[in-house]
Amino acid sequence: MAQFNISVQGEVSEEEINRIVETIAQLYRRSPFGTPESLEIVVVDTVSRRDKIMREEEKKLGVRISEDYPVTHEAWWGTPRIVACVESLSRLAPIIARASILVAAAHSILHGSQEYYRYRLSPEAVRRGREKGWDTEHLERLLYLVASGIKTLAVAKLLVRCGFIPEHTNLALEQLNLEESEKSIWKLIEGDVVPRALYLASLLKNILFAYPSIPYAPYLATRIQEITSHLSAAAAWQLRSLAMELAQTFPGDSKGFFLPAFERAWSKLVEGEPL
């Protein structure tokens, strides 16, 4: 198993450190895939300290390396690293906190190198996009959203395969939620091709995350229907059918599936593959 290199920022109890590390180790022991030789685990006491660390590293790298999650994973320095914020985790239900740690651990196994965080469009995709009125920035955003969804699907499949179904289903249900303000945006942009496609693609990640546990928790399928009910019938079908197709055809290699998944998303969400 990988060597865990643990560092602590701030005041964190030994019990809390052990709980986080043991949760990661449980997935590493069960994983059917090879694990990285080493894993950096950074345990931070407060949100403010976590954000300060991330801002400093983002300046050095010139990229955004974190999102506002209780536990994050990245590999911008060439090796996988998990950053767990104890303050953020303490605000979550225990099973959701545990699931959040497992998700980051799964990413470190499956997506533990820089190649999983650099996305490149094909020249054909750029040419075709420009013909449709898309600039490179928006094309790259669509690719990023699709690739993030594929990585999330891979993580979910690993958690389910390793028997962490209660953790996965609870987190999936938690994430299948949209605020009314998010729903209201749809009415403003549904007639505009670029923001319409990007909006739908932004919903893809949480839907794909839920798919592997639907056989064990059918209510997840119902929740997917609910969070897409504000869309037009055509848009809801395009999004749900895209998610189903990607979930069913995912070959297991995230990186190799980024561009094929992008092509399917382009066909469904931009060109409007018919019902």
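Visitor: How many residues does helix 4 (residues 94-110) have, and what span do they cover from first C-alpha to last?

Guide: Helix 4 has 17 residues and reaches 24 Å between those two atoms, close to the 24 Å expected at 1.5 Å a residue. The expected span is 1.5 Å times one less than the number of residues, and a helix is a DSSP run of H or I with at least four residues, numbered from the N terminus. This is a predicted model: local features need pLDDT of at least 70, side-chain atom pairs count only at pLDDT 80 or more, and totals for chains, interfaces and linings use all residues. Residues are numbered from 1 along each chain as its sequence is written, and side-chain values use heavy atoms, without hydrogens and water.

Visitor: Why is helix 4 described as largely enclosed by the rest of the structure?

Guide: Of its 17 residues, 14 are buried, so the description applies to helix 4. Buried means under 20% relative accessible area, with a 1.4 Å probe and protein chains only.

Visitor: Is Lys151 buried or exposed?

Guide: Its relative accessibility is 5%, so Lys151 counts as buried. Lys151 lies in helix 6 (residues 136-161). Apart from neighbours within four places in sequence, it contacts His107, His111, Tyr116, Tyr117, Tyr119, Ser254 and Phe258; contact means heavy atoms within 4.5 Å.

Visitor: What angle do helix 9 and helix 11 make, and how far apart are their axes?

Guide: Helix 9 (residues 193-210) packs against helix 11 (residues 233-249) at about 45 degrees, with the axes 10 Å apart. Helix 9 is therefore oblique to helix 11. Oblique is what remains once angles under 35 degrees (roughly parallel), over 145 (roughly antiparallel) and 65 to 115 (roughly perpendicular) are taken out.

Visitor: Which residues form this contact?

Guide: From helix 9 come Arg196, Leu200, Leu203, Leu204, Ile207 and Leu208; from helix 11, Ala235, Gln238, Leu239, Leu242, Ala243, Leu246 and Ala247. By class, the contact holds 11 nonpolar, 1 polar and 1 charged residues.

Visitor: Why is Ile207 called buried?

Guide: Its relative accessible area is 0%, so Ile207 is buried. Leaving aside neighbours within four places in sequence, Ile207 touches Leu176, Ile224, Ile227, Thr228, Leu239 and Ala243. The C-alpha atoms of Ile207 and Gln225 are separated by 9.9 Å, although the two lie 18 residues apart along the chain.

Visitor: Which helices do the buried residues of helix 11 pack against?

Guide: They pack against helix 6, helix 8 (180-189), helix 9 and helix 12 (254-270). Among the buried residues of helix 11 are Ala236, Ser241 and Leu242.

Key
Axes fitted to C-alpha atoms, helices over the stretch in contact; angles between N-to-C directions. Nonpolar A, V, L, I, M, F, W, Y, C, P; charged D, E, K, R; others polar. Buried < 20%, exposed > 50% of the residue type's maximum accessible area, 1.4 Å probe, protein only.
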